[in-house]
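Let's take a friendly walk over the surface of this protein, with its pockets along the way. Please have the structure open as you read.

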Amino acid sequence: MLVTRVFRNGNSQAVRIPAELAYSQTDMTLEIERIGDELRIRPAQRSLAGALDIFARFSPDFVAAVGDRKEQGQRERETF
């Protein structure tokens, strides 16, 4: 387990992230939440705002190139 320090940065508290745990990007947004006496820091979830633009770039025959899913059928599920 690594140990780090809390320090003041203006009116906020800050935590140094050791190099071994550092994110490769420095221009990312992080979410932070308190769970009991622990703080959890993780990358913020990406917005789906541009998802439709990405799908619009697919060629019209994309589904045909992948194959018709109806041909695959479904397997019977086991009952217990």
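The patch on the surface is formed by Y23, L30, I32, L39 and I41, which together have about 440 Å² of accessible area. Patch members have over 30% relative accessible area and no salt bridge, and nonpolar side chains (Val, Leu, Ile, Met, Phe, Trp, Tyr) are joined within 5 Å. Areas come from the Shrake-Rupley method with a 1.4 Å probe, and a salt bridge is a side-chain nitrogen of Lys or Arg within 4 Å of a carboxyl oxygen of Asp or Glu.

A note on the model: it is predicted, with local features needing pLDDT of at least 70 and side-chain atom pairs pLDDT 80 or more, while totals for chains, interfaces and linings use all residues. Residues are numbered from 1 along each chain, and side-chain values use heavy atoms, without hydrogens and water.

L30 lies in strand 3 and is partly exposed, at 36% relative accessible area. Y23 sits in the loop between strand 2 and strand 3 and is also partly exposed, at 33%. Here buried means under 20%, exposed over 50%, and partly exposed in between.

Along the sequence the pattern is β-β-β-β-α-α, with helices (H or I, at least four residues) and strands (E, at least two) taken as DSSP runs. Buried residues make up 2% of the 80 residues.

Now for the pockets. A pocket is an open set of points on a 1 Å grid where a 1.4 Å probe fits, with protein on both sides within 12 Å along at least five of seven lines; lining residues have an atom within 4 Å of a point. Volume is the space filled by probe spheres set on the points.

| Pocket | Volume |
|---|---|
| Largest pocket | about 280 Å³ |
| Second largest pocket | about 240 Å³ |

The lining of the largest pocket includes M1, Y23, L39 and I41, and its residues divide into 10 nonpolar, one polar and one charged. Around the second largest pocket are V6, Q13, A14, V15, I17, I32, R34, L39 and I41. Strand 2 gives the most to that lining, with three residues.

Key:
Nonpolar A, V, L, I, M, F, W, Y, C, P; charged D, E, K, R; others polar. Patch = residues over 30% accessible without salt bridge, like charges linked within 9 Å, V, L, I, M, F, W, Y side chains within 5 Å. Buried < 20%, exposed > 50% of the residue type's maximum accessible area, 1.4 Å probe, protein only.
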